[in-house]
Amino acid sequence: MGNDTDVQALRQMSGLVTPMALRVAVTLGLPDRLRADCGQAAAFGPGGAATDPATGPATGPATGPAADSAGADSAAQAAAPPASAVASAAATQAAAPAATADSVSQAVAPPAATAVPAAVAQTAVTADATAAASDSVAQAAAPAATAATITTAAGPTATQAAATITTAAGATATQGAATDLAAAELSAAVDLLAAELGVDPTALELLLGHLTTLGVVERTAAGYRTTEFGALLCEDAGNGLHNLLHHDTAAGRADLAFVDLAHSVRTGEPAYPLRYGQDFWADLSERPRLRDAFDRQMTWRIQERIPRFVAAVDWSRFGTIVDVGGGPGDLLAAVLAANPEVRGHVVDLEVGPARQNLARFEGRAKATEGSFFEPLPTGGGAYVLFDVLHDWDDEQAGRVLARVVEAMPADSRLIVVESIRGMGASTEMDLVMLVHFGGRERSVEELERLAESHGLVLDSVTEVADARCVLEFRKHPI
Ligand SMILES: C[S@@+](CC[C@H](N)C(=O)[O-])C[C@H]1O[C@@H](n2cnc3c(N)ncnc32)[C@H](O)[C@@H]1O
């Protein structure tokens with residue numbers, strides 16, 4: 001049985017629902033789409049700027065400043081429309097082109113709303129406030145079609161709106177009617193958002209419900225809005241989360257292979273190829289978008305710690321540093337910046353970002369596309385393997401080491417930077433390495449043994465940051 005707290009704790013730890021809901025939310029772009037300061041889309045709901053998948057972003061008055069202010073106003077309006085709010089909504093409607101004419105009726109006719117073009121979303125705002133506005137400014141100034149729509153909305157099929165329009169015209173709305181209208185508006189808002197995103201409206205509402213429970217979005221009178229907490233998932237939040245969780249980024253896509261963790265545990269093999277038909281690196285080679293996302297993630301993960309890695313080693317001892325599997329070349333660039341006499345050379349399967357990164361060191365740095373399972377540039381004073389060995393099982397990691405040793409002059413050094421098992425390396429990362437690549441974190445002793453079997457002697461271990469250590473090896477004297 002176990003006590004309830006423990007059972008609950010295990011239940012929570014083992015839940016897949018919340019992580020997947022967050023990842024799907026990011027993949028759909030919901031935190032960005034629903035955030036308050038997202039241009040015209042103040043909050044999705046009758047005030048948000050919808051985008052029609054077929055026609056692209058809404059244009060014209062519906063997304064202009066007038067629509068914006070209507071969006072911002074709409075929440076307040078749903079509760080108690082101040083005169084200015086009504087005026088702004090009215091102005092929106094007055095400016096709305098004939099094409100948006102159907103919007104009021106659409107907003108109160110749920111199924112049809114999913115097919116509404118984007119521009120319509122803006123005018124839908126006015127479903128409540130407009131009602132009030134309809135008597136005066138809006139109707140007076142609105143194109144004929146808008147007026148006709150209001151008539152339709154007041155017709156027998158749209159009873160809710162009809163009641164509201166009548167009530168609004170008569171000045172007071174009952175609490176119940178307002179609540180019902182809010183529910184109808186919310187539902188219409190979700191319908192529009194679903195249409196924009198090309199997803200099922202009912203399912204989207206369920207997802208938004210759970211995201212509300214998690215505090216990622218919140219209900220407003222006009223729809224849903226990303227909370228401050230949820231904004232941490234936005235693409236420009238600057239914390240790497242979006243790039244880590246999105247299903248179409250390297251990391252987010254690779255994490256989906258965790259469905260086959262059992263395969264990895266049974267066989268010791270990565271699950272990634274089982275799911276995607278080829279290994280992670282081959283996949284990245286074929287999909288530049290994934291490669292870009294991976295390189296961005298590599299840059300983000302260490303950018304704050306780089307000065308500590310630069311300070312941890314006396315790099316000035318080396319004439320040329322060969323950064324093997326150096327990726328975007330962030331470490332090498334920082335080392336070269338701090339050591340003007342040193343030259344650098346990145347070798348990787350993809351060297352576009354490294355070339356850009358190193359361009360400022362004209363003549364002192366280069367990047368060569370190539371595999372570390374093939375012969376490497378010879379003559380380096382130091383060879384660096386930064387977060388490379390943990391991507392591979394012992395056999396493959398040994399092959400990389402063999403290529404490095406083959407290229408090293410007798411007095412050269414190998415600098416390995418890795419998270420170290422038993423010195424703070426995360427057990428979660430162990431499983432990530434296994435499932436994505438078939439690799440794992442290793443202890444100092446394991447790395448020492450592996451290196452020794454390829455003719456290397458461990459000279460020093462320096463703890464630096466994030467459980468990462470710098471291990472310096474030299475070639476065994478023959
Ligand atoms: C975890 S990343 C580390 C990148 C870089 N060292 C850093 O710390 O930012 C591993 C790197 O190994 C590279 N890589 C994978 N297989 C390779 C191969 N066969 N030859 C050369 N590089 C390879 C990847 O392209 C990637 O840039």
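Trainee: At roughly what angle do the axes of helix 2 and helix 14 cross?
Mentor: Keep in mind that this is a predicted model. In it, the axes of helix 2 (residues 17-28) and helix 14 (residues 201-214) cross at roughly 110 degrees and come within 10 Å. That makes helix 2 roughly perpendicular to helix 14, since angles of 65 to 115 degrees count that way.
Trainee: And is the crossing left-handed or right-handed?
Mentor: Helix 2 passes helix 14 in a left-handed crossing.
Trainee: Which residues make the contact?
Mentor: From helix 2 you have Thr 18, Ala 21, Val 24 and Ala 25, and helix 14 brings Leu 207, His 210, Leu 211 and Leu 214. Sorted by class, six residues in this contact of helix 2 with helix 14 are nonpolar, two are polar and none is charged.
Trainee: OK, new topic. In what order do the seven strands sit in the open sheet?
Mentor: The order is 7-6-5-8-9-11-10, with mixed pairing. Strand 7 (365-369) and strand 10 (456-465) are the edges, each pairing on one side only. On average, neighbouring strands of this sheet are turned by 20 degrees against each other, ignoring direction.
Trainee: In what sense do strand 10 and strand 11 pair?
Mentor: Antiparallel, over eight bridges, with strand 11 covering residues 468-475. One detail to look up: Glu 463 has Cys 469 in strand 11 as its bridge partner.

Definitions and conventions. Residues numbered from 1 in each chain as written. Predicted model: local features only at pLDDT ≥ 70, side-chain atom pairs only at ≥ 80, totals over all residues. Axes fitted to C-alpha atoms, helices over the stretch in contact; angles between N-to-C directions. Helix = DSSP H or I, 4+ residues; strand = E, 2+ residues; numbered from the N terminus. Parallel < 35°, antiparallel > 145°, perpendicular 65-115°, else oblique. Left-handed = near helix turned anticlockwise from the far one by under 90°. Contact = placed C-beta atoms within 7 Å. Nonpolar A, V, L, I, M, F, W, Y, C, P; charged D, E, K, R; others polar. Pairing = 2+ DSSP bridges.
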